[in-house]
Amino acid sequence: MNDTVHQLRCTGCALVVAQRAARSNFRCAACGDLFEVEYPAWSANAGSSQAPSLVTGNGHHGAVGAVAAAVAAEVAAPAQPRTWMPNASALRWLWKERRHSAVSVDQSGVWRFRELLPILEFPNDAVTLREGNTPLYGMPRCAQAAGMERLLAKHQGMNPTGSFKDTGMTAALSVARELGFEWVACASTGNTSAAMAAYAARAGMRCLVLIPEGKIAWGKLSQAMDYGALTCQLRTDFDGCVKVLAEIVERYPIYLLNSVNPYRLEGQKTPALEIAEELEWNVPDHVIVPGGNLANCSALGKGFQEMKRLGLTTAMPRISVIQAQGANPLYSMMASGKETLTPVHADTRATAIRIGNPASWRKAARILRQTNGYCEQVSEAEIAIAKAEIGREGIGCEPASAVTLAGLKKLVADGRVKKTENVVLLLTGHTLKDSEYTIDFHRGALLKDAESRGCENAMAALRSEMPVLDASVEAVLRELEAEVRG
Ligand code: F0G
């Protein structure tokens, strides 16, 4: 654990603690709020802190050759730490160069950027599945559906376990291993548990998963089981699982890997770096993120803020959060102008974001304020239509990810987003995570009549046929001709 380089700052009362002083629930002992990782040499708030050295642990820099190692040493060893900033051009060059390396941490889209997350004593030993380096797709049909001139989607579902959680898991689980933990744990709506189970298996560690019984998609449950997790289905919802786990981590030496763990967010900030890199170190006007436990929006915000602070970029995007109408506590809080979040009873078919009492709502509200972002809510029918449209791009995503497109349509419709803006949707999960949802949609069995009222035609137009036919050429040709005639 590289304590000399980073520390934890409470996002509520600004208390600074060393990593080893953090409590097992990652809540501030003084005010109960959550921490974020800061690097005293260059983080935004870190004026008062002692100047550290940025030399990373064992001095390994991966196999990018002697020149790259020299650049890495240059960017990592400030002559005057207090005023030192990494050299932006050197970093850009180094990160690009690592793409050609055969070393596993260089191939990772998280650890490739390790100068911006120096949290490990031995970064070359990070537990990695070559996460990150995900595609930024053009979405011409979705752009048209939303009334935009163009639209991009950063597909975090193209990670090793099929969701954005991998980028955070490689970071936090590697920290757990360096700290000597044998067991890790999470409460989950499915994706965190799949990612944690995979990374724990890679590391030879044991893991405990708490999931709400019957309320997670089969694809995710099957992953946790396959990777060997102790998977307990609790007769409660996600929020109930969080409560039980909070007590377990107090009573048992087990490392909590939910997104209250600030190291998760260090990994989850790297898609922001990838987006900027792909846009030749420009940032989009607007990034739109689904909101569940509400950590990911602030992770991306941190990534964009740190890049700007380091001179890698010159602007900040607006960051907006979209929630499902049935799980909308942040939307309700912001719409009512309240300062405090009131938990709701969550219910949505987008099970990944079926969360009524999100842990990181303060962090989310802060990043929305800082970037002038919006919080919107979308109905079950709007989610289903948007998901089918993303499918028609040949890309697909899980239902929770589709809230981004559904939300964008609303923001465009009332003029909050202009059609000329550069918008990036963050697609958080792979379409195969929840194939039951997809099949129910195409069969017309997903929504109740009341839920689809007014959207019947839009949905019918997106439904794919699945006829059962006799095994005859004529029968198939009849279908084909009917389809061609429209
Ligand atoms: N999209 C997907 C596919 C998710 O799995 C989640 C969260 C989110 C969006 C929301 O992200 O919580 O940072 O606001 N899934 C968690 C889990 C809760 O347990 O897998 P957030």
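Biologist: Which residue in S7 does Ala185 stand opposite?

Modeller: Ala185 stands opposite Leu208 in S7. Bear in mind that this is a predicted model, where local features need pLDDT of at least 70 and side-chain atom pairs count only at pLDDT 80 or more, while totals for chains, interfaces and linings use all residues. Residues are numbered from 1 along each chain as its sequence is written, and side-chain values use heavy atoms, with hydrogens and water left out.

Biologist: How do you know that S6 and S7 pair?

Modeller: Two strands pair if DSSP finds at least two bridges between them. S6 and S7 share five bridges, so they meet that rule, and they do so in the parallel sense. A strand is a DSSP run of E, at least two residues, and a helix is a run of H or I, at least four residues, both numbered from the N terminus.

Biologist: What makes strand S7 mostly covered?

Modeller: In strand S7 (residues 206–212), six of the seven residues are buried. Buried means under 20% relative accessible area, exposed means over 50%, and partly exposed lies in between (1.4 Å probe, protein chains only).

Biologist: Why are S2 and S3 called edge strands?

Modeller: Strand S2 (16–17) and strand S3 (35–38) each pair on one side only. They belong to an open sheet of three antiparallel strands in the order S2-S1-S3. Strand S1 (residues 7–10) is joined to S3 by four bridges, and Leu8 has Val37 in S3 as its bridge partner.

Biologist: Why is Thr170 called buried?

Modeller: Its relative accessible area is 0%, which is under the cut-off, so Thr170 is buried. Thr170 sits in helix H5 (residues 165–178). Leaving aside residues up to four places away in sequence, Thr170 touches Val110, Trp111, Val127, Thr128, Glu131 and Tyr199, where touching means heavy atoms within 4.5 Å.

Biologist: Why is the pair of Phe26 and Tyr255 called edge-to-face?

Modeller: Rings of Phe, Tyr and Trp (its six-membered ring) pair if their centres lie within 6.5 Å; planes under 30 degrees apart count as stacked, over 60 as edge-to-face and the rest as tilted. Phe26 and Tyr255 are 5.7 Å centre to centre with 90 degrees between the planes, so they are an edge-to-face pair. Phe26 and Tyr255 are both buried.

Biologist: And what makes the pair of Phe181 and Tyr255 tilted?

Modeller: Here the centres are 5.0 Å apart and the planes make 45 degrees, so the pair counts as tilted. Phe181 lies in the loop between H5 and strand S6 (183–187) and Tyr255 in strand S9, so the pair ties together parts 74 residues apart in sequence. Phe181 has a relative accessible area of 28%, so Phe181 is partly exposed, whereas Tyr255, at 5%, is buried. Phe26, Phe181 and Tyr255 form one aromatic cluster.
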